[in-house]
Amino acid sequence: MDKQRIGFMGLGIMGQAMAENVLQGGWPLMVYNRSRDKTVILAELGARVAATPRELAVSSDVVISMLTGPEAVYALLTGEDGCARGLERGKVFVNMGSVSPAYAREIASGLAPLGVTYVDAPVSGSKRPAEEGSLVILAGGPKDTIQALTPLFLSMGKQVVYCGDVGQGSMVKMAINMLLGNMMEALGEMLSFGRAGGLSDDVLFEVLNAGPLACGLFGQKEKMLREDYFPAQFPLKHMAKDLKYAVDTAYETGAAIPAAAAMQQLYGAAKAKGLGEMDFSAVIKVLAELSGSKAGC
Ligand code: NAP
């Protein structure tokens, strides 16, 4: 059976690598990106390039979006040249970017009257897992559609986790990112506290790495924190938005997440200070500033 035609919109840090893996997996691929220069590499690799999201949807059976958030999804779905104009009965729209569960349900019900199936499929993993095709796909939506999409998902990831109905993939994503934001800030606090008290990073990391608190995340971020250099793997602006969605969602569900609410403020302040394009581990810069120079690198 021929492979379905895939349309991929959003070739940022994650989307570029994910789309390359779809192409390498043998799916016929068409791409769209607001800034056209980001389509050059994929065109060289053999993808077709759409002039508009509408053209992308007309030429695809499955449309994937990997965009910043709801504003971007809305911008590419709607309007005369919007993707929704090219979607018709039987097609599938898969949003892999991080949005709130409520927004995922909103898009699903907006597309349902067109006969278009919506799948909520945010990812766990950052730039390197996207490049290596080892993301974890957090899928929410109709089980049979997700089953049919699994080979496609496995071109981008190592595992597909069925999370439940539409919105539940985003619910898992918000839960995981809430933990991630808290852990990163806690690591930053540990360093700030230690540095202000006259400890070296060598001692702090030696003890951290030797004990039960050592983990993949802390290992990955050690170099950035020691060198005070934060090229974006997961941009801080995205963590700030995800914490907002987590706090909004907790307001709806009644969950108590006081630390995450404080983190929303802290990452928001970091973004306001111009750190949004850096990796989210740059949140330590705000802690250093609040602590005075002793806690800096
Ligand atoms: P990114 O590098 O900032 O890329 C964002 C993409 O969205 C770009 O293609 C950008 O187009 C497009 N976009 C933004 N605003 C738009 C608008 N108003 N209209 C049309 N297109 C717009 O982001 P990313 O790191 O790849 O992340 C994408 C999504 O995945 C986010 O929801 C993020 O939270 C999530 N995520 C990221 C990571 C990570 O580690 N980076 C990990 C897991 C999940 P232009 O190129 O024209 O700007």
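Met178, Gly181, Asn182, Met184 and Glu185 of H8 meet Ala259, Ala260, Met263, Leu266 and Tyr267 of H12. The structure is a predicted model.

**Exercise 1.** Describe how H8 packs against H12, starting from the residues that meet.

Solution. 
- Step 1: The axes of H8 and H12, the latter spanning residues 258-275, come within 10 Å and cross at roughly 70°.
- Step 2: Angles of 65 to 115 degrees count as roughly perpendicular, so that is how H8 stands to H12.
- Step 3: The crossing in which H8 passes H12 is left-handed.
- Step 4: Sorted by class, the H8 contact with H12 has 7 nonpolar, 2 polar and 1 charged residues.

**Exercise 2.** Work out the orientation of H8 relative to H9, then list the residues in their contact.

Solution. 
- Step 1: H8 covers residues 168-196 and H9 covers residues 201-210; they pack at an angle of about 135°, and their axes are 10 Å apart.
- Step 2: This angle makes H8 oblique to H9.
- Step 3: H8 and H9 cross in a right-handed sense.
- Step 4: H8 contributes Leu187, Met190, Leu191, Gly194 and Arg195 to the contact, while H9 contributes Asp201, Leu204, Phe205 and Leu208.
- Step 5: The classes in the contact of H8 with H9 are 6 nonpolar, 1 polar and 2 charged residues.

**Exercise 3.** Characterise the crossing of H8 with H13 and the residues that form the contact.

Solution. 
- Step 1: H13 is formed by residues 283-291, and its axis comes within 9 Å of that of H8, with a crossing angle of roughly 35°.
- Step 2: H8 passes H13 in a right-handed crossing.
- Step 3: On the H8 side the contact is made by Glu185, Gly188, Glu189, Leu191, Ser192 and Arg195; on the H13 side, by Val283, Ile284, Leu287, Ala288 and Ser291.
- Step 4: By class, 5 nonpolar, 3 polar and 3 charged residues make up the contact of H8 with H13.

Definitions and conventions: Residues numbered from 1 in each chain as written. Predicted model: local features only at pLDDT ≥ 70, side-chain atom pairs only at ≥ 80, totals over all residues. Heavy atoms only, no water. Axes fitted to C-alpha atoms, helices over the stretch in contact; angles between N-to-C directions. Helix = DSSP H or I, 4+ residues; strand = E, 2+ residues; numbered from the N terminus. Parallel < 35°, antiparallel > 145°, perpendicular 65-115°, else oblique. Left-handed = near helix turned anticlockwise from the far one by under 90°. Contact = heavy atoms within 4.5 Å. Nonpolar A, V, L, I, M, F, W, Y, C, P; charged D, E, K, R; others polar.
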